[in-house]
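Hello,

Here is the structure I promised to pass on to you.

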Amino acid sequence: MAAKIHIFSEKNTNFAAGKIIYSSIMRIDIITIFPEMFNGPLTESIVKRAINKGLVDIHLHNLRDYSTDKHRRVDDYPFSAGAGMVMMIEPVDNCITKLKSERDYDEVIYMSPDGILLTQPVVNQLSMNQNLIMLCGHYKGIDERIREHLVTMEVSIGNYVLSGGELAAAVLTDSLVRLIPGALTDETSALSDSFQDGMVSPPVYTRPREYKGWSVPDILLSGNDAVINEWKYQQALERTKIRRPEMYEMLKKN
Ligand code: SAH
């Protein structure tokens, strides 16, 4: 069995490996057959900065390293007729067992189209955890017994089917990392994002005040914070009513 891959090892000189490991407060282990797919989503922007600051430690594990087959196979034909290969139990079990022997995990998450839908409340809840495993499926999916015996939670990023769990795991990781205190430069910014208070965000503007005759609402230039905040609230409410009617109904109930 090969050692786990650390996405931010020698290959990426932007990252100081020692710093990441010693001061991290959240650890995410991603099990995948395509570790390279995470270059980009996890090596740029806010996630990159959070890693550099030591706020999160992300490890990628190539599932093929945990195969006992000489061809490093991780999939096999399904029992019964039917199109598509199925990911085998043993490599996944080997990888998860090894990780669990090193530390306790709060959740073993399988990225799955029929899992619970990823929403901000789900992200908020998950962000309280310290150690998470994310398992990325491929082909027709994974042997059901992995789901029954090894997985503790299943998460879907929407009611559509992707080719693999990698993009979904990258989405989940990004949504989690930006909630870690210190990951965003303006710490209040995550709290004022859409969905955090059950509403979508109000519109935002920047300079110039006037562009091709398209102007910024006067109220934002009034300098009166109380009035501006009330305007923003009303805008958010109105947008929620139009764009997320079900969320608006919940707001009215509470
Ligand atoms: N046959 C399966 C789909 C397999 S898609 C079905 O119909 O349910 C291959 C892999 O992509 C899955 O194992 C899962 O890990 C991932 N995947 C696909 N769509 C996803 C989604 N909406 N959210 C999270 N993961 C998804």
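What follows is a short tour of the ligand site, the strands around it and a few backbone details.

One thing to keep in mind from the start: this is a predicted model.

**The ligand site**

Let me begin with the ligand. Which residues come nearest to the ligand? Out of the 20 residues around it, they are Tyr-110, Met-111, Gly-137, Tyr-160 and Leu-162. Sorted by class, the shell is made up of 10 nonpolar, nine polar and one charged residues.

A polar backbone atom of Met-111 is 2.5 Å from an oxygen atom of the ligand. For Gly-137, the distance from a polar backbone atom to a ligand oxygen is 2.9 Å. Gly-165 belongs here too, with a polar backbone atom 3.5 Å from an oxygen of the ligand. As for the area covered, the ligand taken alone exposes 560 Å², and the protein buries 85% of that.

Two elements each give two or more residues to the shell: strand 6 (107-117) and strand 8 (153-156). Strand 6 provides the largest share, with four residues.

**The strands behind it**

With strand 7 (residues 131-136), strand 6 pairs in the parallel sense over five bridges. Along this pair, Ile-109 stands opposite Met-134, and Glu-107 stands opposite Leu-132. To get from strand 6 to strand 7, the chain passes through helix 4 (residues 120-126), and this β-α-β crossover is right-handed.

Strand 6 also pairs with strand 8, again in the parallel sense and over five bridges.

How many residues of strand 7 are buried? Six of the six are, so strand 7 is largely enclosed by the rest of the structure. Asn-131, Ile-133 and Leu-135 point one way from the strand, while Leu-132, Met-134 and Cys-136 point the other way, and all are buried.

Is Ser-156 buried or exposed? This residue lies in strand 8, and its relative accessibility of 1% makes it count as buried. A polar atom of the Ser-156 side chain lies 3.0 Å from the backbone oxygen of Gly-158.

Ser-163 gives a contrasting case. Ser-163 is found in the loop between strand 8 and helix 6 (166-177), and with a relative accessible area of 66% it is exposed. Ser-163 and His-138 are 25 residues apart in sequence, and their C-alpha atoms are 6.4 Å apart in space.

**Backbone details**

Before you set anything up, here are some backbone points to look at. As background, most residues other than glycine have a negative phi, and most peptide bonds are trans.

Which residues are joined by a cis peptide bond? They are Arg-207 and Pro-208, with omega at about 5°. Pro-208 is found in the loop between helix 6 and strand 9 (210-211).

Two residues other than glycine have a positive phi. For Arg-72, phi is near 60°. Arg-72 has its place in the loop between strand 3 (56-62) and strand 4 (75-76), and at 35% relative accessibility it counts as partly exposed.

For Lys-212, phi is near 50°, again a positive value in a residue other than glycine. Lys-212 is found in the loop between strand 9 and strand 10 (214-215), and it is exposed, with a relative accessible area of 64%.

That is everything I wanted to hand over. Happy browsing, and write back whenever you like.

Best wishes

Key: Residues numbered from 1 in each chain as written. Predicted model: local features only at pLDDT ≥ 70, side-chain atom pairs only at ≥ 80, totals over all residues. Heavy atoms only, no water. Near = heavy atom within 4 Å. Polar contact = N/O pair within 3.5 Å; in protein donor to acceptor, adjacent residues only side chain to side chain. Areas by Shrake-Rupley, 256 points an atom, 1.4 Å probe, with all protein chains shown as cover. Nonpolar A, V, L, I, M, F, W, Y, C, P; charged D, E, K, R; others polar. Pairing = 2+ DSSP bridges. Right-handed = clockwise from strand over helix to strand, strands pointing away. Buried < 20%, exposed > 50% of the residue type's maximum accessible area, 1.4 Å probe, protein only.
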